Amino acid sequence: MDAKEFREVGHRVVDFLAEYLDHIEEKRVFPEAEPRTTNELFAEPLPQDPSSAEDVLYELETKLLPYCTNVGHPGYMGLITPSPNPVGIIADFICSALNQNVGAYSIGPSAVAMERRVVRWLTDLCGYGPKAGGNLTSGGMMANFIGLKVGRDAVTSDRAQHDGVRESWAVYVSEERHVSVDKAVDCIGLGRNALRPLPTDANFQVRIDALQEAIAQDKKNGIRPLSIVGVFGTTNTGAVDDIRALRRIADREDMWLHVDAAYGGGMLLSHQWPMRDRGLELADSITIDPHKWFYAPLDAGAVLVKDQDRLTASFGIKPSYLTDELDQANERYQYYVHGFEQSRRFRSLKVWMSFKRYGARLIGEWIDNNVRQAKHLYALAERDPEFEPASSPPMSATCIRFIGAGLDEAELKDLHAEVAQRVERGGRFWMSTTELKNKTWFRINPVNFRTRQEHMAELFQLLQRECRAVFREKGLASQST
Ligand SMILES: Cc1ncc(COP(=O)(O)O)c(C=O)c1O
């Protein structure tokens, strides 16, 4: 592909995407296609001969784009993936063109400097001091893993890093945790049985009394408390644990405190409901994902550590083929010795460009709009006796459920699943279902700067209609009497 063709194809793609974004609301949120069909679309052997760019783009237009989930559609209110902000899309294009590898200074000096600045913006936002550091990750999963790994190393004075895990340890977390915590506990060598999922209160915040009891019980059984994972914005309802209370217990027991703010970190930018006074800065390490509520395109998670030397202590192995002898004087910052991953794409570019282009103030307004929308939906559900909201939403995630006509829980589970499918088939909205305290709920979560208040009213009317229709059509009325 020469420069002329690159320019032509690039212009065409940009024109196409501009059109796509401009008309996104006219599309279906979720495509009408079975997995069988989408798999068949790409069922061909490895191409041996070249095709023209024209032909390749045509295939994308006919096979890929019609079957995408349009997460930028204002009716997308599902699993936490934002409407990507347009300058972030451009940033990813530039990122791939430059292909800087921020793992090593020699493969991206200015990119490393930019990532360090973006990390500084994030640590400042969380209330950390000048010793803090971190790096951008593929997402919250990887960030939680790194947070738990550095915590394990700190508490075992780095013994586990060299000798493996020799003692019995436990990690404490809310039952409302993200599954990434379970995976991380396994990956740091403790085994999933070392996780203590703790009950939550009526607002889905972890119960401190249950935490104290679990620690006491473990100590009695010879199991040592290793770390607490606090949640700053649960996936289901946006609940924020009492970080100050968690910190006190972690100090008393010499434990690490990691806080998962993958989703809730966005609230640090909120104007109307700022959550800068919730003690996030008391955590030893934090997960915060720009690719969630800072509206950056995937992927851009981040792990932050209060004392960045901890990252180096946990990951600072320098193989000879990577050691840069020139880094002695004016330090060449080598992310590979201050983090887990080696080759890393230049994720900070889209975060940097987003903050530069829109400014934190405007992004905070988008966040406030999403919270307002969630509160509106909550109010609608609260007013309707056939519906029940789980809790007043502190963020944008809201769980509501249909309780009309006294169905039992198994029937309600089927009804909610059927309604969610009908909503998906309708094409205007997408939301998920979830379980909270052994009950099934619709989980509705706008993380989307295109969503407007009227979309919530429209969605709620649709849910009212569909719930009643499924109830009637399935003959649930007769079963339950
Ligand atoms: C609270 C929380 N933590 C961690 C994650 C995992 O993040 P990712 O999907 O970016 O790996 C999620 C994902 O939704 C989340 O909600």
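This is a predicted model: local features need pLDDT of at least 70, side-chain atom pairs count only at pLDDT 80 or more; totals for chains, interfaces and linings use all residues.
Biologist: What distance does helix 5 reach from its first C-alpha to its last?
Modeller: Helices (H or I, at least four residues) and strands (E, at least two) are DSSP runs, numbered from the N terminus. Helix 5 covers residues 109–126, which is 18 residues. The expected span is 1.5 Å times one less than the number of residues. That expectation is 26 Å, and the reach of helix 5 is close to it, at 26 Å.

Biologist: Within what arc do the buried residues of helix 5 fall?
Modeller: A residue is buried if 20 or more other C-beta atoms lie within 10 Å of its own, exposed if 12 or fewer, and partly exposed in between, with C-beta atoms placed from the backbone. In helix 5 the buried residues include Ala111, Glu115, Val118 and Leu122. They line one face of the helix, so the arc, taken over directions from the helix axis to the C-beta atoms, is 140°.

Biologist: Which residue follows helix 5?
Modeller: The residue after helix 5 has a positive phi, near 90°. This residue is Gly127.

Biologist: How are helix 6 and helix 8 oriented to each other?
Modeller: The axes of helix 6 (residues 140–155) and helix 8 (residues 179–187) come within 9 Å and cross at roughly 45°. Axes are lines fitted to C-alpha atoms, for helices over the stretch in contact, and angles run from 0 to 180 degrees between N-to-C directions. Angles under 35 degrees count as roughly parallel, over 145 as roughly antiparallel, 65 to 115 as roughly perpendicular and the rest as oblique. Helix 6 is therefore, relative to helix 8, oblique.

Biologist: Is Gln342 buried or exposed?
Modeller: Gln342 lies in the loop between helix 12 (309–315) and helix 13. Because Gln342 has 12 C-beta neighbours inside 10 Å, it counts as exposed.

Notes:
Residues are numbered from 1 along each chain as its sequence is written.
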